[in-house]
Amino acid sequence: MKTFEVKATVEELSYSELTPKELELVNLAREATFRSYSPYSHFRVGAAILLDNGEIITGANQENAAYPSGTCAERSACYYAGAAYPDAKFRAIAIAARGTDGEFVPEPCSPCGACRQALLQYELLAGEGVKVLLVGAEKVYRLDSIRALLPFAFTEF
């Protein structure tokens with residue numbers, strides 16, 4: 001038997017330690033939470049994606065009474081970005097959430113597995129790591145790649 005470790009490097013930053021572009025992305029993700037339609041879970045998520053052409057695309061989770069028919073903020077943003085700017089490459093994504101109390105979550109939250117896989121597809125198209133900013137009320141986790149969130153990703157047949 002062989003045993004090995006899988007590790008991801010995560011930087012924990014205060015808002016004042018973010019670059020101006022990172023702060024803009026974080027603020028747009030936070031703002032996007034207010035466009036969430038989440039009458040069932042009351043958990044509001046927003047995402048903002050920076051493209052290599054300078055555009056920033058935002059998305060928010062959208063729920064539906066037929067529960068699996070809704071979509072997460074990350075996928076609403078990445079699919080819109082892919083449809084609107086098919087030749088642009090992803091450079092970074094910020095993800096923010098507000099809990100059932102309406103306040104921003106204290107700890108940064110990470111995308112669900114389906115979103116991780118969808119985002120990884122766009123990282124593969126970009127040909128390099130896409131920076132990830134996971135947003136909490138007072139701190140941000142920064143990772144250099146979506147792959148860090150999904151180390152055993154499905155990438156090929």
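Me: What should I know about the model before I start?
Reply: The model is predicted, so local features need pLDDT of at least 70, side-chain atom pairs count only at pLDDT 80 or more, and totals for chains, interfaces and linings use all residues. Residues are numbered from 1 along each chain as its sequence is written, and side-chain values use heavy atoms, with hydrogens and water left out.

Me: Why is His 42 called partly exposed?
Reply: Buried means under 20% relative accessible area and exposed means over 50%, with partly exposed in between (1.4 Å probe, protein chains only). His 42 has 35% relative accessibility, so it counts as partly exposed. His 42 also has a positive phi of about 60°, although it is not a glycine.

Me: And why is Val 6 partly exposed?
Reply: The relative accessible area of Val 6 is 43%, so this residue is partly exposed too.

Me: What makes a set of residues a nonpolar core?
Reply: Its members are buried Ala, Val, Leu, Ile, Met, Phe, Trp, Tyr and Cys residues, joined through side-chain atoms within 4.5 Å. The largest such core here has 29 residues; Ile 49, Leu 51, Cys 78, Phe 90, Ile 93, Val 132 and Leu 134 have the most contacts inside it. Apart from it lies another core, of 15 residues, including Ile 56 and Val 140.

Me: Which residues does Leu 134 contact, beyond its neighbours within four places in sequence?
Reply: Contact means heavy atoms within 4.5 Å. Among the contacts of Leu 134 are Ile 95, Pro 108, Tyr 141 and Leu 149.
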